Every structure is written in structure tokens, then in C-alpha cells.
Amino acid sequence: NELESRTLSESLLTAATSKFGQAEVYRVESESHPVSFESNKLKEIMRRDTSGVALRVIDDKRIGFTSTTNSEREMEMLDRAGSLAPFGSEAFFNFPEPTEYPTVDIFDPAVLEISQSSMIETGQSLIERLLDEWPDLLCDARIGWGTGRGRIMNSAGIDEAYEQTSYYCSLGAQLIRGTDMLNIWTGSSSSHVLEENELDRLLQTVRRSLRWSENIAKATPSTGDIPVIFTPRGFAATLLHPLLSGFNGKNVVNESSPLCERWGEKIVDENISVYDNPLIGGASGSRPFDDEGVASTKTALIENGIAGQPLLDLQTAGQLGKLSTGAAGRGLATTPSPSSSVIDVAAGDTHFEDMIAGIKEGLIVEELLGAGQGNELGGDFRANVSLGYRIANGEIVGRVKDTMVSGNVYSVLSQVEYIGDSPEWIFGSLRSPAIQCRGVEVATKSE
């Protein structure tokens, strides 16, 4: 099968190169085996297989792009790419030449040996352990493994492939009391089999949220003067997207990023460092090269509060007169564009419990409802808190309801008070500590 797909790719590339001069063939194959539970019961066991190929050509300095999942119609893509090229974007790049690639630990043969029965057992065990303590819960769980293979060939001589395994587990709990509905979700994923201690951490996360949610407490309204702690999940839900939008090469090219004139300047607190690092072993977003065949590297987005550089693919790098940072991501049916791989936020030196103990009046943000309102490109966030807790006199006194947080990510991260010393993985593409800061506006619904 591998030999057959390779031969198909070579034939397609040879024909496209002779017709257009510059061409790239991108082929992906994947299989996944998800098991899901709903409302405490096993819901479905599935197997999904996908495969397809995309062709990108540069014809008269314009990009022609097309893709198919039908292996019998691959050669038809030549004419389609040619007819689309005159309407395509102007190409600001040439396809890259072969280079040395880093070795990244993203394949675990043990993942391929995981049986359906063991995944069912994992899901049932997690749910039963939650129900022991909270019998009224409705629990959902998703466990699954998969493997994917990507190959890139281009007219400049690149012919590279890598295979990656993935294993994930997510756990949700819903508690309904009258008109009050509590929803908690957490999950983890890796290129490796998740160890017992990682599955246990998911369980402890849900248990902690349930304990903290036993009472309902009214949040204290604030114009930004009370401390707010973003847990790792809270950071992901609230601050990550508006922050990353400023580093997206497309936004830098069209000058909608607030960082366009600020590279090398201090943009947030000096204790904040954020990296895009696809070289971390086991992380779901890690890879030896990006989706254009450019070698993976660790990119400092923010180092000690200073803006490093944007995430660039070949096209945006060419438009800015720079080199690609190896940040190209793509789906089969879309052309590459800059995206993050594994975001790694540097840890601090404060215990999470010590942050809470030091706050007289404050808020913990864990999950949001309908994030992304406001001018996200400018770094703004504004959303309802779906899971958050009030802190009073150094203790968590209950879950808050009818509470909205808003602010600007650059302003909030410039008013950092403490950074947690134990970062957590949020699925497999973000590692972040808890962060305590000011500058967050808190609004509550008046009775």
C-alpha cells in the first residue's frame, strides 16, 4: 500500500513538474479507533480511515491548488490545478530544497496494540470512580487511538514522510440540580500511551472542579483591580487565541496584528515566555517538519516579555521578505497557512495553593462559554465564565454564575502577579502553568 501510494505520488509529481515547472504533492493517510461513552453508558465503537492527496503548483507565478480523496482520479488534478492557477494568489516563494530534519519522538508502537476492550475498560473505570463519590453525575468519556502518515514530495527534490501515533482520553461530567446545570470537561492526548498517573490526573481535575462547585457564590464585580487566576485550562480558553492571533503571519502581512511594529519590544510582563515548540517528544502537535517540508524549530514568540517573531509559512515569509519558521499547517482541502504546533508557556515558582491563600477577594477562571467576542485581533477577549470560582479570604467559597470577564491580553499579561510552578498539558498542544494577574474586568448579572 505504501509502495503504491509512493508510486502514485511520484507519477503525479513528475507530470506536474514537466507541465508547470514547480509542483508539490502532499499525501495523508490516517486511521482512528474512537470509543465513546454518553450519560454513563457505552455509546459507540468506531473505526475511521481517511486518505487523500493535494497538488499545489506554481504556474506563471500564480498558485494552483486542488485535492482529492479518490485515488482513481488523481491525474485529473493536473488539469484542474492548471485551470485554477490564473485565479490563484501570487506566489511569493519557491518550494524548499531538501534539508536535515530533527528527530522527534512522536511514534509509539505500543499505541497500535491498544485493544477496544482495554479502551472500554478505561472509560468504564473512570466513570465508575466518579460515580462512587457523586452518584447523580451524568458522565461522558472519549478514548481513542490513531495513526497518521504524511508524505511531501516537491520539484525541488524533497521526498519526506513521517508517521505519528496518537492516544487521547477526555472526561466530562454533568450535574443537574433544578435549574442549575454544571458542565466540566477535561482531556489529555499524546503520541504515547497515556500512563495511569495521567489518567488519574484527569480524574482528579474533575473531582476538584466538582468539590469547588458544591456551593454557588456571587463573583465580586471589578474594573480590573481584583486578582484573577487563570488555570492552565482557563489560560487556553481566555488568553491563548487573542494572543496567538497577533503572531499569525497572515495577520502580520495584512497589518492587522498589533505587533507589526513591536518585534523586539517588551509587550507583556518580563516573567512571561511563550514558545512554539514542535520538538517536544510525545506532544500531539510535534513533528520533524511542517506541512510544506520546512524543518521544525523552536520559535520564541515571547521571551522574557519581549516579542520575538511571528509564525510564518512559505507564502507569508516571502511576503515579508523573511524565512519560513516551519509553521505551515493545512487540511487536505486547504492550502497551507501559518499555525501553532505546540505552545509552551514557561513556568514560574509559585504553588497554585499559595496563589489562592494570598488572595482576599478574587476569581479563578477555568472555562468560558462563547469565547472570542470583541476585537480578538487586537488582543481583546470578552466572554461568560462557564466554570469559575470565587476566592474570599484565601479560600475557594464556591462556583460563580452569571459572570463575564473581559480585557486585553497584552494589558492583562503586563499585570502578572504570580506564575504557577507546575505547568499542565491541555490536550497535546498546549503546556501552561496557572497565571495570576490583574486588569481583568469582571461583570455580574444583578439580581
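**Exercise 1.** State the volume of the largest pocket and describe its lining.

*Solution.* Step 1: the largest pocket has a volume of about 600 Å³. On a 1 Å grid over the protein atoms alone, a pocket is an open set of points with protein on both sides within 12 Å along at least five of seven lines, whereas a cavity is a set where a 1.4 Å probe fits but cannot get out; lining residues have an atom within 4 Å of a point. A volume is the space filled by probe spheres set on the points, which are joined across faces, edges and corners.

The model is predicted: local features need pLDDT of at least 70 and side-chain atom pairs count only at pLDDT 80 or more, while totals for chains, interfaces and linings use all residues. Residues are numbered from 1 along each chain as its sequence is written, and side-chain values use heavy atoms, with hydrogens and water left out.

Step 1: 31 residues line this largest pocket, and V28, G148, R149, Y162 and Q164 lie nearest its centre. Step 3: at least two lining residues come from each of strand 1 (22-38), strand 3 (48-59), strand 5 (138-154) and strand 6 (159-177). Helices (H or I, at least four residues) and strands (E, at least two) are DSSP runs numbered from the N terminus. Step 4: the lining of the largest pocket comprises nine nonpolar, 16 polar and six charged residues. Here Ala, Val, Leu, Ile, Met, Phe, Trp, Tyr, Cys and Pro count as nonpolar, Asp, Glu, Lys and Arg as charged, and the others, Gly among them, as polar.

**Exercise 2.** Which element gives the most to the lining of the second largest pocket?

*Solution.* Step 1: the second largest pocket, of about 390 Å³, is lined by 23 residues, with N1, E29, S30, T50 and S51 nearest its centre. Step 2: two or more of its lining residues come from each of helix 1 (2-20), strand 1, strand 3 and strand 5. Step 3: strand 1 gives the most, with five residues. Step 4: by class, this lining has two nonpolar, 11 polar and 10 charged residues.

**Exercise 3.** How many cavities of 30 Å³ or more does the whole structure have, and which residues line the largest?

*Solution.* Step 1: a search of the whole structure finds one such cavity. Step 2: the largest cavity holds about 50 Å³ of space. Step 3: its lining consists of E2, S5, R6, R27, E29, R149 and R151. Step 4: helix 1 provides the largest share of that lining, three residues. Step 5: the lining of the cavity has no nonpolar, one polar and six charged residues.

**Exercise 4.** Describe how helix 3 (residues 116-133) packs against helix 4 (residues 196-212).

*Solution.* Step 1: two packed helices are described by the angle between their axes and the distance between the axes. Step 2: the axes of helix 3 and helix 4 come within 11 Å and cross at roughly 30°. Axes are lines fitted to C-alpha atoms, for helices over the stretch in contact, and angles run from 0 to 180 degrees between N-to-C directions. Step 3: helix 3 and helix 4 are therefore roughly parallel to each other, a term for angles under 35 degrees. Step 4: T122, L126, R129, L130 and E133 of helix 3 make the contact (heavy atoms within 4.5 Å) with L199, D200, L203, V206, R207 and L210 of helix 4. Step 5: these contact residues divide into six nonpolar, one polar and four charged.

Conventions
Angles under 35 degrees count as roughly parallel, over 145 as roughly antiparallel, 65 to 115 as roughly perpendicular and the rest as oblique.
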